[in-house]
Every structure is written in structure tokens, then in C-alpha cells.
Amino acid sequence: MVECQLCYMYGYHMHQRLQSLLFCLTALKFTDKHEWIRVEDNGTGTVGISNFAQEALGDVVYCGLPEVGTQLAQQDEFGALESVKAASELYSPLTGEVVEVNTLLADNPGLVNKSCYKDGWLMKMTIAKPAELDSLMDEAAYERYIHSIED
Amino acid sequence: IDWDCYIYHCWSIFCLVSIPLFPGLVLQSQSTDVFQNLALEDWIDAHVDLQQRSILLLWRNRPTVVIGRHQNPWAECNLPAMRSAQVPVARRRSGGGTVYHDLGNLNLTFFASKKAYDRRRNLKVVTDALRRVRPQLDIQATDRLDILLNGRYKISGTASRLSRKSSYHHCTLLHSADRSAIAVLLRPSCPGIRSNATPSIPSPVTNLTDHAPSLQWEELLEAVVQQYSSGCVDPADEALFPGVGSMEAELRGWQWTFGKTPKFSVETQLELRDERPAARCSAQLQLEVKNGRVESCRVEVPATWLPERLSASLAQALLGERFCPHRAAAALSALLRCESGPLHSRLRNLCDVLVAAMG
């Protein structure tokens, strides 16, 4: 149960709804390699690839993901997605440790295409250096970035 | 990247076969060890700035089985048979399926920036090269980016890798590989394997030399290198070569081609004749040509044949004109139009002969 930052009440109320709405909208951060990371309530980061990336990749046929416990520095290669187009490397948005990997992708790699922000998440990791989040793009900045590379 | 340093470090495992051609470079590995060659691919991908130039690497390996990034070697190949034949297995970093390499198989790796990543264009280099050296062969690239011969037999398969800023696309090309080895070695090692590793798609294969027995290995390499190098640069591309268009225009122009000629003179005899009555005579032509144009001109025709005023005005008409039969003809036709009467045909004849003397 999260304490509302606006009125210090607990329990479901108007501010709570507003906060979680705001939280959702501001939660995704993006790298220039088209990975996203979402900071969860428990402080871990969920990592996936953006819609732009999954469209560019084409149908994913295999997700090569790291072992739980793997230590990653920001921008380290942490795996690869294989599609008909190529094997594309994945780069860690932050420094941290892999705590969970999306096992659904083993039998259903197409989830990455169908639901890249939700069911097609790739892995979860600890956030060892929260300041690194500032180096990532928010959604608006990422949209501008995509438009600039599309031209 | 420090190009000189790069060349020095790498020369022990490869040698240059072609003069570096901006923006494409062709390299050929002198190693037939699959691990060295795969390492070279990764090294180039990681260390060479491919934003400005692309690279084609040609290589071949001693007998090896190469599996794709996410494949299961026990499912893809017969490891016990390979052990006794001393054929190693290697996992490459690109995706795709399993292939058998030996010295009769040519590997081509096209390195480029991610922006310039274009597997179809790369395969076109191969198919165009093959069609050029053996136009009778039916060669076609498919949607899956295989290359088929006669619409049925696979002679090439493709795989690729996208990394931080760059990409590589490599493909095989069966020139004269041992097909019996392929049949024996590309089978599962043991029964009952259940796996979600990426599977290979088996296809019937053939060698180029089964259909074009005279095609030599060196001939194939040269064809591909030439096609890649020739396809690489478009001299009309102003984006790559700003100002090249005006350089071309200058070279193409009369001023450079003819106008740059050092001063020269022409001294020759002209044979004149008349039809009615039949008569002949000789005249002397003397010309000085400077900057491709007639600077001075003397036409000495016997006065009995043609009045001096006419031959003089003819010579005058040519002054300053390009030393060129078309320009001369144009200049002289104006003169011809002015003159009618009995001398016209002789004047006409003199003009024709003069024009013919102008090359």
C-alpha cells in the first residue's frame, strides 16, 4: 500500500488514481538502442524493446536472454533477439543485476512483437545506479529521437 | 580508427587483394581456420568505423560445421561422426541455420553501418557476378535470401548480425564443396531431443561446378570482387562526391578535349576537280591551329581555277572557328549561299575538300 504523496492518505482515493496514472505515463525511459526500462514499485527495472524496434526487427523467432544473477554495466550486451532479419544484440539500459527473465518468451517469442511494452518484457534487473536513469530519454524525447532517425 | 595501425595488426591473418576503394574495401582472409575467421568478423564489426566505408570479406574454411547463434549442435549435426572425421563445430554470432564449410565453399561477409544494411543489395552483387561469368546459369535469390540454381538447388544461405552501430551480413556460396559430407554430418547426434532452439530448414544443395564445371575458384572470386567494387561507387553521386558533376562536364567538354591541344599546323595538298568540263587541279592548304581553333589559314588555289578573292574569303571564313568539319561546313555554307553562277560548283568542291581536310 503506497502512501499518497499529495495528501498522505492510504487506500484507494482520487489522488491515488491520479498518481498511478502519472506514474504510468512518466515511468518508461528509453535508450538510443530502443530498449525501454520501467521502474517498478519495488525498485527493480523491467526491460523490453520499443515498438519502433520490434517493427524494425520483424517477427522474433528466438529470444536469447541472460541468466538470473548476471551482472550488467550500462550498455553491456545482455542478449540477442533473432528475427528473420538478423540476430540483433540487446544492450542493458542501466547497471544492475538480472533478477528475472521472461520465461514465456521461450515458447512464444512472438510476444515481443505483439506486446512489446507488456507481456513481451524481456528481463527485470536491480538499479544499482539510479542516477543513470537521467541519461535515458523520456517518452517525448524518444518520440523526437525516432523522428530524427527516420528522416 | 587509425587505418595504418589496423592494417599492421591484422596483416598476419589476412592480406589485401584489392586496392582500397572508397567507400568499399575488399579483404580476403588467408586463414582457413573457422575460429580465426569468425573472430576476424567480430573484430572488424567492433573496431572498424563502418559509418563511412563498407567492407567485403572473403574467406573459406577447412571442413567445419557452423551452427547459428541460437541453435542446438546436438540437434543439428552428427557430433560423433564429426569427431572421428576431425571436423569441428563452431557457433557463429549471427542467426540462421547450420551449414557445412570446406575449401569448396566461399564465405562472403558484407560489413556496413546499420543504415546501409541491405541484404538484397549484397546478394545482388553475388547473383550479378554469377550471371556475368556464366550467363547460361539460372540463378535467383529468394524471399528467404537463399540463392537457388535452376529454381531448386540451394547454392547459398544467409545470416546476419546487428550490433551497436554496425551490421554484418554473411552468406555461403557452394563452388565445389563435398556434398556427401553434408549429407552425413548434418544429421542429429542423438535421438529424442526436444528443444526450442532455432531449427535449420533442410534444402537440397548443389555446387556451381556441378553445372558449370569450367568455373575456377579464382574466376569466381574475381567476378565477385569486381562486381562489389564496381557496384560500390556511382561516380555521378553528388552526395558522395560533391562537385564531381562539374568535373565530368569539364572533361566531357570540347574546351578541354580539343581546346587544350598545343598549337599545331596543317600543310596539305587539296585535289580539286570539276565535272563539266572534266578538269582537275591541286591547291595548297596551310592552317595554324591554336587552342583547337583556326588561327591562320591560307588556301592557295591557281587563279585560273578560282579567283583569288574567292579562295581568300574562304580562308577568312574559317578564322577563329573550331578545327572541326562541322563548324567549317557551317561557316563555309554561308559563303556558298552568297555565291551563285558558274563558279559555284568549283567553290562547292573546294569547300567539300577543305572540310574533309579538317578531320
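Reader: What makes up the contact between chain B and chain A?
Author: The contact draws 16 residues from chain B and 18 residues from chain A, where contact means heavy atoms within 4.5 Å. This is a predicted model, in which local features need pLDDT of at least 70, side-chain atom pairs count only at pLDDT 80 or more, and totals for chains, interfaces and linings use all residues. Residues are numbered from 1 along each chain as its sequence is written, chains are lettered from A in the order in which they are written, and side-chain values use heavy atoms, leaving out hydrogens and water.

Reader: How much area do chain B and chain A bury between them?
Author: About 1500 Å², with 46% of it on carbon and sulfur atoms. Buried area is the accessible area (1.4 Å probe) that two parts lose on being put together, summed over both. In chain B, His70(B), Arg164(B) and Asn196(B) lose the most area to chain A, together 42% of what that side buries.

Reader: What is the predictor's confidence in chain B?
Author: pLDDT is the predictor's confidence in each residue, from 0 to 100. Chain B averages 88, and 92% of its residues score at least 70. Over residues 1-22 of chain B, however, the pLDDT is below 50. For the complex, the predictor gives an ipTM of 0.77 and a pTM of 0.67.
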